[in-house]
Structures are given as C-alpha cells and as structure tokens.
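Let's take a walk through this protein together. Have the structure open and follow along as we go from one spot to the next.

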Amino acid sequence: MRLFWITLFAFFTVDTLSQEIHPFVKEAQQLERQFNDQAALNKYLEASKAQPGQITTICKISELYSVLGKRQKSKEQEKAYNKAAKQYAEQALRMNPNSSDANFVMSVAMGRAALSESGQAKINAVKDIKRYAEKAIQLDPGNARAYHVLARWHLEVSSLSSFEKWLVKVTFGALPAASLDDAIKYYEKSKQLNPQLLQNYLDLARCFQKKEEETKALTFLQLLQKMPANNTEEQWVKQEGSKLLKELQD
C-alpha cells in the first residue's frame, strides 16, 4: 500500500483568495517553484500568522506537511508531519466544511497518516479517505486531484492483502466495492480534468501493468517522460516512471 501513496499532490488548484495575496504567500509559491518545499512550508506558516483566516493557506500547509512527511529521517518525525497535516486539514474543514480543497487535503492527510500505522489503524482510514475524496468531488466536480485520490483508493483497496481484506470485513462488515477498472476510470477522469497532473500517467501505467497490458503501460510512461517537472514531487514521479519504463523494456 505504501508505494502508491508516496506522491501526494503539490500544486493543487485552490479557491480564489478573498483578499490580496500576501507577500509571504508569493514567496512561498516561488520557493515551491525552486523545489524547496520545506522553506515554502515555513513561509506559508508565516503567512498564516500574518494573514489569519485564509483557508487557501491552511490547505497548502496541510498539503506540504503531507508531502514532506515521507522525506523525514525518522519514523517519529514522519508521524509528527503527518499529524500536523491532519490537524491543518481539520482546521480548514472547521473554517469551511463545504470547501472542496479542505476535503481534498483531509483525504490526502488521512492517506499519509495511514502509512505510519499498521493493521487495524490503517484499515480504519479506508472509509474516511474515500468519504473525503467523494465530498471534495461533490463540492467541485472539476477537482482533478480529488478524482486522483479516489482512483488511488480503488487501486489500493482492490490490491489489499488477504489479511487486510479480512480486517476490512471485520471492521465494516463487508469489503468496500473497489476494482482496478474503477481506478483506471477515475485516473482517466482526473487526467481529462488536468492533463498536466503527472501522477496520473505513472499510476495508469502501473494499473495497466497489473492488468498485463504492457503496451498501454508503455504509452503512458513515454508520455510522462515528455512532460516537464514543475515541483519536487513531479521530479520523483518522473524518476519512478523512468525506472518502470526501463523495467518494462528490458
């Protein structure tokens, strides 16, 4: 389960700011473009103090904590970042429970936090991840990243081990409906809404690899290699795509 939840969403579309963009936010955005996510997070935190009440900034802080969590050197630090991601997502939802982006970052934070857990705690997150992703889509049918999370949810649940499937059944009474075909459907929808979301190409390639349709997998990987990386996460996606492309071509 860990592999598919590693890359989580830099540069997502957010609601328009109701006030003029604070200089700290502009600095943070520039730092992201320079692939300096930790410095960007610190600057967004400054912006949240200088200009309180901006849900867009709070969502971005949650997102970056999720992104940076996996890069921490210790499990304790990783859990601390994942916890902060969830706390800021909760704050965003308190500010506006009908914000698509707030529901989106909560779905991401739940997915990241689940990676730090095992067994029952991980399974407990299954239902909530899907619920928040679906709510984000309901609130904004054009939220490409929420469709990506939903696609990944279908991929993950359909790929659970026998033991994990048993835990899900014990917890929820039945295994949630999920399939590889639904994962592909939602990845395609996300790609349609945002063709520049690189993670879709890598995950679609992985889906078709699982279906043993290597020609389709190669097509998505070749398209991925032609696309520019605009942030640190996309650099990672392209690197993973290169590895998979080489594996399939050998």
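**A tour of side chains**

Start at K189, which you'll find in helix α9 (residues 180–193). Keep in mind that this is a predicted model. Is K189 buried, exposed or something in between? Its relative accessible area is 28%, and since the in-between class runs from 20% to 50%, K189 counts as partly exposed. Now look for H148: K189 and H148 are 41 residues apart in sequence, yet their C-alpha atoms are 8.3 Å apart in space.

Next up, the aromatic rings. The model has five aromatic pairs. Take F208 and F220: their ring centres are 5.9 Å apart and their planes meet at 5°, so this pair is stacked. To be called stacked, the planes have to be under 30 degrees apart. F208 belongs to helix α10 (residues 198–210) and F220 to helix α11 (residues 214–225), so to speak two partners twelve residues apart that link distant parts of the chain. Both F208 and F220 are buried.

What does Y65 touch, leaving aside residues up to four places away in sequence? The list is L41, L45, Y81, A84, A85 and Y88. The largest nonpolar core has 70 residues, and L41 and Y65 touch the most other members of it.

Last stop: charges over rings. The charged end of K130 sits over the ring of W153, 5.3 Å from its centre. R131 does likewise with Y132, its charged end lying over that ring at 4.5 Å from the centre.

Key: Residues numbered from 1 in each chain as written. Predicted model: local features only at pLDDT ≥ 70, side-chain atom pairs only at ≥ 80, totals over all residues. Heavy atoms only, no water. Phe/Tyr/Trp six-rings, centres within 6.5 Å; stacked < 30°, edge-to-face > 60°. Helix = DSSP H or I, 4+ residues; strand = E, 2+ residues; numbered from the N terminus. Buried < 20%, exposed > 50% of the residue type's maximum accessible area, 1.4 Å probe, protein only. Lys NZ or Arg CZ within 6 Å of the ring centre and 35° of its normal. Core = buried A, V, L, I, M, F, W, Y, C linked by side-chain atoms within 4.5 Å. Contact = heavy atoms within 4.5 Å.
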